[in-house]
4 protein chains.
Amino acid sequence: MFVVMASTATEAEILGVKSHILDEGLTPFGHAGAQRVVVAVVGEIGSRKSSLMGALGQLSGVERVTPISRPFKLASREFHAEDTVIRVMDAMIGDGSLTVMAGPCSVESRDQLFETADSVKASGATVLRGGAFKPRTSPYSFQGLGVEALRYLSEARERTGLPIITEVMEANQLDIVAEYADILQIGARNMQNYSLLNAVGRMSKPVMLKRGFGATIEELLMAAEYILASGNPNVMLCERGIRTFETYTRNTMDLSAVPVLHSLTHLPVLVDPSHATGKRWLVKPLSVGGVAVGADGVMVEVHPDPDKALSDAEQQLTLPMFADLMAAIVPIHEHVKDMHGDLRAWGSVPAAGGGGLSKH
Amino acid sequence: MFVVMASTATEAEILGVKSHILDEGLTPFGHAGAQRVVVAVVGEIGSRKSSLMGALGQLSGVERVTPISRPFKLASREFHAEDTVIRVMDAMIGDGSLTVMAGPCSVESRDQLFETADSVKASGATVLRGGAFKPRTSPYSFQGLGVEALRYLSEARERTGLPIITEVMEANQLDIVAEYADILQIGARNMQNYSLLNAVGRMSKPVMLKRGFGATIEELLMAAEYILASGNPNVMLCERGIRTFETYTRNTMDLSAVPVLHSLTHLPVLVDPSHATGKRWLVKPLSVGGVAVGADGVMVEVHPDPDKALSDAEQQLTLPMFADLMAAIVPIHEHVKDMHGDLRAWGSVPAAGGGGLSKH
Amino acid sequence: MFVVMASTATEAEILGVKSHILDEGLTPFGHAGAQRVVVAVVGEIGSRKSSLMGALGQLSGVERVTPISRPFKLASREFHAEDTVIRVMDAMIGDGSLTVMAGPCSVESRDQLFETADSVKASGATVLRGGAFKPRTSPYSFQGLGVEALRYLSEARERTGLPIITEVMEANQLDIVAEYADILQIGARNMQNYSLLNAVGRMSKPVMLKRGFGATIEELLMAAEYILASGNPNVMLCERGIRTFETYTRNTMDLSAVPVLHSLTHLPVLVDPSHATGKRWLVKPLSVGGVAVGADGVMVEVHPDPDKALSDAEQQLTLPMFADLMAAIVPIHEHVKDMHGDLRAWGSVPAAGGGGLSKH
Amino acid sequence: MFVVMASTATEAEILGVKSHILDEGLTPFGHAGAQRVVVAVVGEIGSRKSSLMGALGQLSGVERVTPISRPFKLASREFHAEDTVIRVMDAMIGDGSLTVMAGPCSVESRDQLFETADSVKASGATVLRGGAFKPRTSPYSFQGLGVEALRYLSEARERTGLPIITEVMEANQLDIVAEYADILQIGARNMQNYSLLNAVGRMSKPVMLKRGFGATIEELLMAAEYILASGNPNVMLCERGIRTFETYTRNTMDLSAVPVLHSLTHLPVLVDPSHATGKRWLVKPLSVGGVAVGADGVMVEVHPDPDKALSDAEQQLTLPMFADLMAAIVPIHEHVKDMHGDLRAWGSVPAAGGGGLSKH
């Protein structure tokens, strides 16, 4: 449930509400919106619900207490009406600007990374991506350079000024990865690795959570909720294709997820057409499409010589292709930016809990 | 296989090739491209393949004979390199302009249809849609006004000058529907109704074939091949969402299908966000997305008072919403038009048969 | 809604109820169960619901009127509690015995059919299958021998005494197919071809309706409802695999659909492991599995020389393989027969409309 | 690749082969079959393939060297022809006997666990299951009693003599869970948590790996390969339903996966109808079906009072229901046991790599 404070509520009154919640063995999460403060109550409420709503409603400074039937609370627009904006070095994500994360699937050498980094920076990328620890379907495939790759990424940040995103695969790696990376990526296969979600949730470093290829939109938001409920508000989401019967593309990119997520949550939403399609020549049209439906950013794989790449050779762009991609998406973003708020407001979001179907 | 004629081949030589093919009990389909004529050989070739290729290769005026491993022949870019352009009254479909088909899910009354038709015409629609015979999951749901609706559609065409598209559900209806409609729609549930495909194939009236919600891209093209092989070259395709595990939207709109289809086939490709999403407020962003990935057109459902609609109430747009939609997509189309040929040429189409996987 | 008559209701009272329903422009369907007669009211009831329930409840001989929230009415267990049993010549389907439909995918010649028919009869098949008109993904594939095949099937019935099942693909074929066949098959691709459903519904000949590979269980039942509502009560259902992301098998056989259907409907349920798996060596274990979960029968493809078959070569069984299959499934059926009623009764069926989710 | 040793090869010759492989920076895995020893070579072989095959083929005692195109090596039947049999206390898994794992979804109290354990033991269960650390979609749901639950499970083992299986969710928990559990379960959401797979691979304790609901059969085998390649040969697999568009059941149980897995791998295969269907009344028919298609065992959730369960209330069986289930499946298993080897041998397994489609 959410406790909506009066616009005149004092700090002491807000504190009083939080204390009451803590006394019940539950956890209060406050969000100061433009107009008023909302305090979310999370934890196992169960049968206490109506008595608790009554008690909280009587506290000083409380305007009203509203139940929420959605399973995600802190991730919801009801709790946090304004878009979350995440600052990483000079890059702003979710503020209406276009975030472009580009770089090689795997960091393979210092030279390969630097050549890519310099080129994508020149073309307009705002974040540098590169895999250090790689989750691979086969135990016999290249698993990444590990810490060596992290060091190269760090050097590339020095060269280019671009913040760095790289995947973290397990809680044990978290300290070392967080030492180098500016944004922690949780990969699709780990979207429901709750230990890892809790671990990144206990940090304040920004996290990009990719949708599992077998996961619903609601489950993606529940996974984000794990991170938020552990204390880290800096979460962005990424649609990267879901599993369907269609075999032409590797996965089916679910572009409807972008406006759906924008209606349900305040978190930034990116798209990853490289993994969604698995085919180089589809990356550009689907990037254009992703930006057009309102994504806050795009993540694409770029390699100086894709045919020699140690992983994902078929889907990485060459450096000139990436420049061409940027030339295509920047003006589209400029164009849809004007209709953006409009896009979100056009159809009113369905009432809480009314839109989707829960199947756990 | 395709017989590629020399650029200097005479009519008599082309006729000679066609006669030879007919003598083999097979069917020749000629296509006169910008440079040269290509004759496709269709039918059950089986073990005759190499001897037939040899014999055809020796005929006068033949430059070369090429096998084709794709299961679709006449629908393929290999046979017919240029985009197919379909003219319907004053509307051109597939020529680079933006086709917008709009109108009510079902024609419910003369007034409802006229009000909608006048309004969508004013907003810029190029084709008027309206259901006369409705395929419904339940036998107890409203099944459409039938011939009465066809008459209203015909009157609406007189009023507005817009050509009319309506669904034909069975071969027996074909004569009456074709008497009134300018474009015949084959619905998703009938995509593999081969009797119906053959029947519309024996006409010359344009056909819009919707992808079945359980059908692969390759199966959509094979269904189009049925119509083409029966003699009707005026076929356009429509992506309207596929069935996946995601339950938030009615279906998952497969926008990657648009560039994939543009690479594989010369037929125009439209998108239908109304049926794909099943939710009114998602129609605009997904229309924008569809135009952005290069669709030749959009089909949307519009109703003067959607909440009172006899079918698909949740997904039909109001008249002002449609005007708003047009204001959004027209400039996007203007914008991507410049990168359009580029989009198709960027990544070369995989070699024949190499891209997808056949699972019949 | 259902009008449940008192156990003492007279013919005249039942007739009175039906007349009242007809006067309302709706259609009454009566079913005489073991205890009492139930009259289903079908058609567009809409806002008349409560007044109509009141009026019917006051008629003489009526015990109670119950609303039904499921979209399927005549197909439901609520309307028709006992299993439907269909007699075709000497074969009984749905009475607890094991129905086995076997024969070639396509009838290719008199010899091929007779050899198969004699052999499957000797091994214990109860119905002979064989395709005359074949729905093929490609217009260039073998489309069946047509009427010639129907004649061979008819001769094979004379030889073996087995009733014949063959597919009907369009309403126009119905007269000729029904002249020869004992059971009409509606194929998966035509499951929502409503014209065809209505046409077979106007006959009394038994119909086997196959589940579309993109169709939910509820949609299968709605398709059956079309046939039932047109007047033909002799409908049996067939699970033949659905489309999923798994590519090892052609489709994913949904064996849970068998007990689910037995709980929701009174119609017999068969399984078709040949089409579900697409692989010969999986037909036996999945047939065993289908019988074990309680299917009323199995349909399998059998060919004297599968490698030379004109269609579905990879999935047809040899004649000895079919004999081996029969040896496996007959004792399993004997075994589960004892737990059969039990299987259906074990867990109570969820309340009407409560089990599944409607997404049209 | 596999190095097949001559049947007369000495220990020294086998050691020579392994040394050569190690010198190449690759890892040898030996398997002593009934006839001869096979040494699998795993690691990044790349372009060395043909020269390495030549060199190994010349070594003393080598009969032949065969390439393997499947991505899984150690999990394949080609490497290890006989069924893997895993012994856990007195229970044998994969030896042709029927394994039944039963117990509550979550351990909720000592009493609840003991009551369940005593009852399932009396009904014939061979392994006791119970969740201590629970992966839950929502961070606010009951997450299990943790170590306290492990202690109760250990006490229950003392009472009943049944070995214990419980889920391990992260590498950090592994030591404590392994101290109490006899079989470690990797849940569906963690099937591609490679850190966890490697960690359990470094132990010798038996592992049950559940198929992810979005994972193909091939990916399940690749996940098993991670464990095997890390050194732990004691792996069993569990089919628990995949995500499809069907919404009636929670997931769609893929029973064809059982014979497919038996053909591709030597590892035992179990089924979990509780999670696959999500509905109590479907657990019995699907357990019967799973045993009938040849599963080595069944895992089911049982609770003294399911309606009060803290998790998965809708799918847990009562104690008498479980007794009823046992009475149904034991004789089915007796029956199919005789056709079991037969089931696996009936159709020959497709040649290596020939059966499925790889899409990573």
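A crossing of two helices is left-handed if the near helix is turned anticlockwise from the far one by less than a right angle, and right-handed if clockwise. In this predicted model, the crossing of H3(A) and H4(A) is right-handed. Chain A holds 11 helices and 14 strands, and chain B can be superposed on chain A by a turn of 180°.

**Arrangement of the chains**

- Within chain B, the C-alpha nearest the axis belongs to Gly289(B), at 2.4 Å from it.
- Of the interface residues of chain B, 100% are also interface residues in chain A, so the copies meet through the same surface.
- Chain C contacts chain A as well: five residues of chain C are in contact with five residues of chain A. On the side of chain C that touches chain A, two residues are nonpolar, two are polar and one is charged.

**Fold of chain A**

- The secondary structure of chain A comprises 11 helices and 14 strands. Its radius of gyration is 21 Å, close to the 21 Å given by the globule rule for 360 residues, so chain A is as compact as a globular protein of that length.
- The C-alpha trace of chain A spans about 65 × 45 × 40 Å along its principal axes.
- Of the 360 residues in chain A, 61% are buried.
- Among contacts in chain A with a separation of 6 or more, 67% join residues 24 or more positions apart.

**Helices H3 and H4 of chain A**

- Two packed helices are described by the angle between their axes and the distance between the axes.
- For H3(A), residues 110-123, and H4(A), residues 147-160, the axes come within 10 Å and cross at roughly 35°.
- H3(A) contributes Arg110(A), Leu113(A), Phe114(A), Ala117(A), Asp118(A) and Lys121(A) to the contact. From H4(A) come Tyr152(A), Leu153(A), Ala156(A), Arg159(A) and Thr160(A).
- By class, the residues of this contact between H3(A) and H4(A) are six nonpolar, one polar and four charged.

**Helix H8 of chain A**

- Helix H8(A) covers residues 257-264, and eight of its eight residues are buried, so it is largely enclosed by the rest of the structure.
- The buried residues of H8(A) are Ala257(A), Val258(A), Pro259(A), Val260(A), Leu261(A), His262(A), Ser263(A) and Leu264(A).

Definitions and conventions:
Residues are numbered from 1 along each chain as its sequence is written. Chains are lettered from A and ligands numbered from 1 in the order in which they are written. This is a predicted model: local features need pLDDT of at least 70, side-chain atom pairs count only at pLDDT 80 or more; totals for chains, interfaces and linings use all residues. Copies are superposed by least squares on the C-alpha atoms of residues with pLDDT of at least 70 in both. Two residues are in contact if their C-beta atoms, placed from the backbone, lie within 7 Å. Ala, Val, Leu, Ile, Met, Phe, Trp, Tyr, Cys and Pro count as nonpolar, Asp, Glu, Lys and Arg as charged, and the others, Gly among them, as polar. Helices (H or I, at least four residues) and strands (E, at least two) are DSSP runs, numbered from the N terminus. The radius of gyration is taken over C-alpha atoms; the globule rule is 2.2 Å times the number of residues to the power 0.38. A residue is buried if 20 or more other C-beta atoms lie within 10 Å of its own, exposed if 12 or fewer, and partly exposed in between; C-beta atoms are placed from the backbone. Axes are lines fitted to C-alpha atoms, for helices over the stretch in contact, and angles run from 0 to 180 degrees between N-to-C directions.
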